[in-house]
Amino acid sequence: MENNKLKTSTADDNIENLLKIWKLEHLQNHFIEHRITHEVLSILTPRQIEILFQGLAVGDMAIFQKNLTQWQLESNNAEKTPKTNTTLEFTDCGLVKKPVPSVKDMLMDSQNGRLLLKHYAKHNLFNEQQRNLLINTLAKYIESKGYPCSLADSDEIENQICVLFPTESKDYYTSGKRGRLYNKIYNLKRYTKSLTKENEPICGSVNKTTESKKICSRS
């Protein structure tokens, strides 16, 4: 029994230190009871946080969410392994892997994304228009860079949104059969393809004029 207690205490040292830094050390026993380890912290979802803090002070939960998000981002950067989705894409050279960048990386790589990150850091909240801007920014980035995005990829991106922006609810982004983000990407790709087809010169028309023949011959 003593050995088991010793192992538990050692495994929870990192949690104890983090809670002290975040001024939440009074929650240490509660975290131990719920088996919150260093590994569990790295994968906690907003829904799981709600369950963990059920019956506890809302203020403590808000402080925990804010610090956890920052800690998760710093941990990813320190390990140089940002969270990405790896998808498969057919190219002329065969089947190759093409990773989708993390939500934070995509936002940092666009002007609107940086504005959204700055706004959330200040206000800790998005309204309807800002959520739509977030979806449009991510969808346009993915479509313009040519990243394939499956339903599973879209679901993972929605999870990342809720981790990066803890006050956001995944229910908003998953509304509809395929979710707002997936539908937006699909519509953008469909629109792009339709424009490409409309702009293609028609050289095989039955009623050819002399002028059209000249234009097609030049091309």
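Modeller: What follows is a close look at the loop between helix H10 (151-164) and helix H11 (170-173), together with its surroundings.

This is a predicted model, in which local features need pLDDT of at least 70 and side-chain atom pairs count only at pLDDT 80 or more, while totals for chains, interfaces and linings use all residues. Residues are numbered from 1 along each chain as its sequence is written, and side-chain values use heavy atoms, with hydrogens and water left out. Helices here are DSSP runs of H or I with at least four residues, numbered from the N terminus.

We can begin with Phe-165, which lies in the loop between H10 and H11. Phe-165 counts as buried, with a relative accessible area of 1%; the classes are buried under 20%, exposed over 50% and partly exposed in between, with a 1.4 Å probe and protein chains only. Phe-165 also belongs to the largest nonpolar core, a set of 25 residues in which Phe-165, Leu-107, Leu-134, Leu-138, Ile-157 and Ile-161 touch the most other members. (A nonpolar core is a set of buried Ala, Val, Leu, Ile, Met, Phe, Trp, Tyr and Cys residues joined through side-chain atoms within 4.5 Å.) At least two residues of this core come from each of H7, H8, H9, H10, H11 and helix H12 (180-198), and H9 supplies the largest share, six residues. Another core, of 17 residues, lies apart from it and has Ile-15, Leu-27, Phe-31 and Phe-53 among its members.

Glu-168 forms one with Arg-131, and the closest N and O atoms are 2.7 Å apart. Because Arg-131 lies in helix H9 (residues 128-145) and Glu-168 in the loop between H10 and H11, the pair ties together parts that are 37 residues apart in sequence. Both Arg-131 and Glu-168 are buried. A second salt bridge joins Lys-170 to Asp-155, again with 2.7 Å between the closest N and O atoms. Lys-170 belongs to H11 and Asp-155 to H10, so this pair ties together parts that are 15 residues apart in sequence. Lys-170 is partly exposed at 24% relative accessibility, and Asp-155 is partly exposed too, at 32%. These two are among the four salt bridges found in the whole structure.

Grid points are joined across faces, edges and corners, and a volume is the space filled by probe spheres set on the points. The search finds one cavity of 30 Å³ or more, and this largest cavity holds about 60 Å³ of space. Its lining includes Cys-162, Val-163 and Pro-166, and the elements that give two or more residues to it are helix H5 (46-52), H6 and H10. H6 gives the most, with four residues. Cys-162 is buried at 5% relative accessibility, and Cys-149 is buried at 12%, yet the count of disulfides, pairs of cysteine sulfur atoms within 2.5 Å, comes to zero.

Lastly, Phe-165 and Ala-121 are 44 residues apart in sequence but 9.1 Å apart in space, C-alpha to C-alpha. Ala-121 leads us to the second largest pocket, where Ala-121, Lys-66, Tyr-120, Asn-124 and Leu-164 lie nearest the centre among 18 lining residues. About 450 Å³ of space lies in this pocket, and H6 gives the most to its lining, with eight residues.

How values were computed: Salt bridge = Lys/Arg side-chain N within 4 Å of Asp/Glu carboxyl O. 1 Å grid on protein atoms, 1.4 Å probe; cavity = no way out; pocket = protein on both sides within 12 Å on 5 of 7 lines; lining within 4 Å.
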